[in-house]
Amino acid sequence: MDQQPPLRVVIERFELRADKRLGQHFLLDANLLRRIAAAAGELAGRTVVEVGPGPGGLTRALLEAGAGRVIAIERDARCIRALGGLVEAAAGRLCLIEADALALDLADLSPGRVAVVANLPYNVGTALLLRWLDQLERIERLTLMFQREVALRIAAPPGGRAYGRLSVLTQWLCEVRCLMHLPSRAFVPPPKVASSLLQLVPRPQPLAPAPREALERVLQAAFGQRRKMLRASLRSLAEPPEELLAAAGLPATARAEEIDVPGFCRLAQSYAARRRAASAAARES
């Protein structure tokens, strides 16, 4: 790949002032960018999806790490123009798409499985993760930069305030590992918070069996009133909470943050079974 101008030169040439509305914070340190690309694992011959390439720092690192093809999704027209030279230099290995990543399905980008590697815009990081959790059959692994608070929620174990619906859903479907922490000064402009790089590897099977819709409903009820005991917070499910909890082998006096992922899965199974029984009874009457 041809020698590219320094990122700061690209930023000045195309007037890429970070847009707060798009959650932009550019990472320019070449050593850090290479570390992130290396942390993503073996990329040779693989298709990599990147969201929010900005001036192209991580994009360059992914190409230099040997990615077979990088599909970069960017909604900022200024960055699209700035990346034109890199597209040419990559000689067919970089596909640049001007679009909102939340509106795209991975199936429309590549026929096979992809690795997702991205310094995610802060304002859509959680929404993108939840969308990708619905498309894990298309993903080998995700290596994603989040603001530290969100990363802690994703990786949180039971028992603390960070543990919540996002923790359970992600850990149910993926193995989660924190790879590194980055201070705010590593970015331009520096955000008000630090950032963390997580790697999520889809599990061959969910951590424990549970119907997805039932699990979502249970988590919404339990963490919607997380300060209350489950016997109170689960009343919104329109099923007797004590019976649901007893069937799942969980104490009625526990709070949501005290229940591990398998425990929530048992609760979701209990809830789904009650709903099926109620539906069957209604059909027979």
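Which residue in S6 is the bridge partner of Val-117? The bridge partner of Val-117 in S6 is Thr-143, where strands are DSSP runs (E, at least two residues), helices are DSSP runs as well (H or I, at least four), and both are numbered from the N terminus. The model is a predicted one, in which local features need pLDDT of at least 70 and side-chain atom pairs count only at pLDDT 80 or more, while totals for chains, interfaces and linings use all residues. Residues are numbered from 1 along each chain as its sequence is written, and side-chain values use heavy atoms, with hydrogens and water left out.

S5 pairs with strand S6 (residues 139–147) in the parallel sense over 6 bridges, a pair of strands being one between which DSSP finds at least two bridges. S5 also pairs with S2, again in the parallel sense, over 2 bridges, and here Ala-115 of S5 is the bridge partner of Val-48. Together with helix H6 (residues 125–133), S5 and S6 make a right-handed β-α-β unit, right-handed meaning that, with the strands pointing away from the viewer, the path from the first strand over the helix to the second runs clockwise.

The structure holds 2 cavities of 30 Å³ or more, a cavity being a set of points on a 1 Å grid over the protein atoms alone where a 1.4 Å probe fits but cannot get out, with lining residues having an atom within 4 Å of a point. The largest cavity has a volume of about 380 Å³, a volume being the space filled by probe spheres set on the points, which are joined across faces, edges and corners. Its lining comprises 31 residues, and Val-51, Gly-52, Pro-53, Asn-119 and Pro-121 lie nearest its centre. Strand S1 (26–27), strand S2 (47–51), helix H3 (57–64) and strand S3 (69–74) each supply at least two residues of this lining. The second largest cavity has a volume of about 50 Å³, and its lining includes Val-49, Val-51, Ile-73 and Trp-132.

Aromatic rings form another part of the picture. A search of the whole structure finds 2 aromatic pairs, counted where ring centres of Phe, Tyr or Trp (its six-membered ring) lie within 6.5 Å, with planes under 30 degrees apart taken as stacked, over 60 as edge-to-face and the rest as tilted. The rings of Tyr-163 and Phe-223 have their centres 6.0 Å apart and their planes at 75°, so this pair is edge-to-face. Tyr-163 lies in the loop between helix H7 (148–155) and helix H8 (165–173), and Phe-223 in helix H9 (residues 212–224), so the pair ties together parts that are 60 residues apart in sequence. The rings of Phe-223 and Phe-264 have their centres 5.4 Å apart and their planes at 40°, so this pair is tilted. This pair links distant parts of the chain, with Phe-223 in helix H9 and Phe-264 in helix H12 (residues 261–284), 41 residues apart. Both Phe-223 and Phe-264 are buried.

Terms used:
1 Å grid on protein atoms, 1.4 Å probe; cavity = no way out; pocket = protein on both sides within 12 Å on 5 of 7 lines; lining within 4 Å. Buried < 20%, exposed > 50% of the residue type's maximum accessible area, 1.4 Å probe, protein only.
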